[in-house]
Amino acid sequence: MFRAAMLACHHKFIIKFTFPDPMPTQPDTTAIRYRIEPSTPEAHLFSIECTIPQPSPDGETFALPAWIPGSYLIRDFARHIESFFAHTDNAKHSVTVEKLNKDTWQVKTSKTARTLTVRYNVYANDLSVRGAHLDTTHGFFNGSSVFLRVIGREDSPCKLEIAPPKSENCRNWRVATSLPVAPSTQPLNFGHYTASDYNDLIDHPVEMGEFDLFEFKAGGIDHRFALTGRHHADLPRLKRDLKKICAWQTTFWGKPLPTKNYTFLTTALGDGYGGLEHRASTALICRRDDLPKRGDKNISKQYLQFLGLASHEYFHTWLVKRIKPAEFIDLDLQHENPTELLWLFEGFTSYYDDLSLLRCGLIDVETYLSCLGKTLGRALTTPGRLQQSVAAASFDAWIKLYKPDENTTNTSVSYYAKGALVALALDLHIRESSAGKHSLDDLMRRLWQEHGITGKGVHEADVHRLAEALAGKSLAKFFHQALHETKDLPIRKLLAKFGIKLTFPESDAPSLGIELSPANGLNEAKIAVVQNGGAAQLAGISAHDVLLAINGLRVTPSNLDSLLATYAVGDKIALHVFRRDELMRFSVQLQATAPTTCLLSLASQPATSVKKRHNAWLRNN
Ligand code: ZN
């Protein structure tokens, strides 16, 4: 493990927090007090208390969110709550607790009390960016996994005490979070933190442990990067590169700044990948090999992916955390909260995550085109793109993208990939129609001014209106096709006008039209996906079948391609499979391999007008 010299650094600023209470002299009478303690790391248990002042004699109702904003799946975090009980400030009061449904408790007191406290434990053994995790090496939690909402008091200010672990082994633990620290507590220490209301409280994940830390200022924002887990990363380089991304993005969006400080909470593991956006921070999980190693000069593919992830989550600080779909203005945390607009909030963010790396000078145009080609490949070759529009994919994220199965690629399109394709097409349309005067960048900045700063939710019609004003013409047909239909967008033609050639690499190899499950210890060739209309499906072969032999020769995950390569498109082969425990034989006619990727390259000798457009789009740093 590499420990940077910055370990000794202390945070330089103390944030003065002001309650939005109209009577700031009496904040204690309304504030809800929370206390969390990593009480039993060995058993993955956090102990939590929530105390409310002047509880209603009719009872108070507490609920834990069923999902975490940014990750659109009902996760039922309440299933990890244990040992729930309640008491008042007077031991003589009797208190009754009734569970109303899977994540809601009602607490009634026999007499009027001054305070009501509920106590419970949360089992935290989910090492992801979405939940909570605690063991003897570190603790991490999202408020949505641990803090109960007091129904009807969501707007009350919150005070949070983060208590230190008692174990001697954890004595060097510190705390990293973007939650404002109370004046009585030193930054990065256990102690007291504040939040303006419940939604604020649960939008600042907290990391505790012996993480490495560096800080930097970029674009007027104070940044902190906490890195948990064993690693051999070149932290000074990481700091330099992130600083460029953050500086470029804050300049891109313009004033006012969305936040005064921002925290990256990163966990490095042997394997893992993910990120979740918050209003002043992000939680990231990466492979330790994704981080730059000391001595590396180039940007490896893995590091490029990590920078893209960090860039993506940082971009969300504006787009989705502040510029929000109308449906997200008043979130329902107990039920699904669908919107048709994830193509904008995730797709456009996906377009800008890699573009930011180019624009801030971290990668060159060729590298950028290979990143963009990968994204477009997913949007232009997935069979499900012809079945589901990107607006429908957004709306159904809860039951489709977040619940993938063997049929997903046949019937669904990713609102990340297709949304990025829509962003690209819209960017090029605006640039072309306005003769280079405007671009998608202007649209993003107008969204920030009109919806981000004001907190006014975005409807699809707002995007149409702003885009048409910039393009100087109606884009109704474009938006209808791009968002609500399934026909491919004419992106090849559009890219050609900007000096980029789009091709789908062809292959002579015959195909079964299947994808295998990731290699397992059994070395068996188990089918994960059977493509619609592919050779295997036409012959009756199903997902979950295990391939055994082609024309009598054993199939393994590693030799399938070479076995198939001995045949030609149109050949018939005998395929033996196990379906469950039954041996079956199929006759399969091999088909041509459908492209699964696309390549973007620079057009040779483009016309002057094309060159001009190309340069304005990709080389105008
Ligand atoms: Zn995202």
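The zinc ion is coordinated by three residues: His312 through NE2, His316 through NE2 and Glu346 through OE, at 1.9 to 2.1 Å. Donors here are N, O and S atoms within 2.8 Å of the metal (3.2 Å for Na, K and Ca), and water is not among the atoms, so sites may look incomplete. This is a predicted model, in which local features need pLDDT of at least 70 and side-chain atom pairs count only at pLDDT 80 or more, while totals for chains, interfaces and linings use all residues. Residues are numbered from 1 along each chain as its sequence is written, and side-chain values use heavy atoms, with hydrogens and water left out.

- The donor residues follow the spacing H-x3-H-x29-E in sequence.
- The pair of His316 and Glu346 links distant parts of the chain, 30 residues apart. His316 is in the loop between α4 (301-315) and α5 (342-359), and Glu346 is in helix α5. Helices (H or I, at least four residues) and strands (E, at least two) are DSSP runs, numbered from the N terminus.
- His316 and Glu346 are both buried. Buried means under 20% relative accessible area, exposed means over 50%, and partly exposed lies in between (1.4 Å probe, protein chains only).
- Val320 lies in the loop between α4 and α5 as well. Val320 is not a glycine, yet its phi is positive, about 110 degrees. Its relative accessible area is 7%, so Val320 is buried.

**Helix α9 against α6**

- The axes of helix α6 (residues 365-381) and helix α9 (residues 417-433) come within 8 Å and cross at roughly 115 degrees. That makes α6 roughly perpendicular to α9.
- Axes are lines fitted to C-alpha atoms, for helices over the stretch in contact, and angles run from 0 to 180 degrees between N-to-C directions. Angles under 35 degrees count as roughly parallel, over 145 as roughly antiparallel, 65 to 115 as roughly perpendicular and the rest as oblique.
- The crossing of α6 past α9 is left-handed. A crossing is left-handed if the near helix is turned anticlockwise from the far one by less than a right angle, and right-handed if clockwise.
- On the α6 side, the contact uses Leu372, Thr375, Leu376, Arg378, Ala379 and Leu380. They meet Ala417, Lys418, Ala420, Leu421 and Leu424 in α9. Contact means heavy atoms within 4.5 Å.
- By class, the contact of α6 with α9 has 8 nonpolar, 1 polar and 2 charged residues. Ala, Val, Leu, Ile, Met, Phe, Trp, Tyr, Cys and Pro count as nonpolar, Asp, Glu, Lys and Arg as charged, and the others, Gly among them, as polar.

**Helix α9 against α12**

- α9 packs with helix α12 (residues 476-484) at an angle of about 165 degrees, and their axes are 10 Å apart. α9 and α12 are therefore roughly antiparallel to each other.
- The crossing of α9 and α12 is right-handed.
- Lys418, Val422, Ala425, Leu426 and His429 in α9 meet Phe478, Phe479, Ala482 and Leu483 in α12. The contact of α9 with α12 has 7 nonpolar, 1 polar and 1 charged residues.

**Helix α9 against α10**

- The axes of α9 and helix α10 (residues 440-452) come within 8 Å and cross at roughly 105 degrees. That makes α9 roughly perpendicular to α10.
- α9 contributes Ala423, Leu426, Asp427, Ile430 and Arg431 to the contact, and α10 contributes Leu440, Asp441 and Leu443. These residues divide into 5 nonpolar, no polar and 3 charged.

**Two buried strand residues**

- Glu37 lies in strand β1 (residues 32-40). Its relative accessibility is 8%, so Glu37 counts as buried.
- Not counting residues up to four places away in sequence, Glu37 touches Leu45, Phe46, Ser47, Ala163, Pro164 and Lys166.
- Phe586 is in strand β27 (residues 582-589). Phe586 counts as buried at 12% relative accessibility.
- Not counting residues up to four places away in sequence, Phe586 touches Ala539, Gly540, Ile541, Ile573, Ala574, Leu575, Val577 and Arg579.

**Backbone in other loops**

- A cis peptide bond joins Lys255 and Pro256, with omega about -5 degrees. Pro256 is found in the loop between α3 (235-253) and β17 (261-269).
- Leu188 has a positive phi near 70 degrees and is a residue other than glycine. Leu188 sits in the loop between β12 (174-177) and β13 (191-195). Leu188 is buried, with a relative accessible area of 5%.
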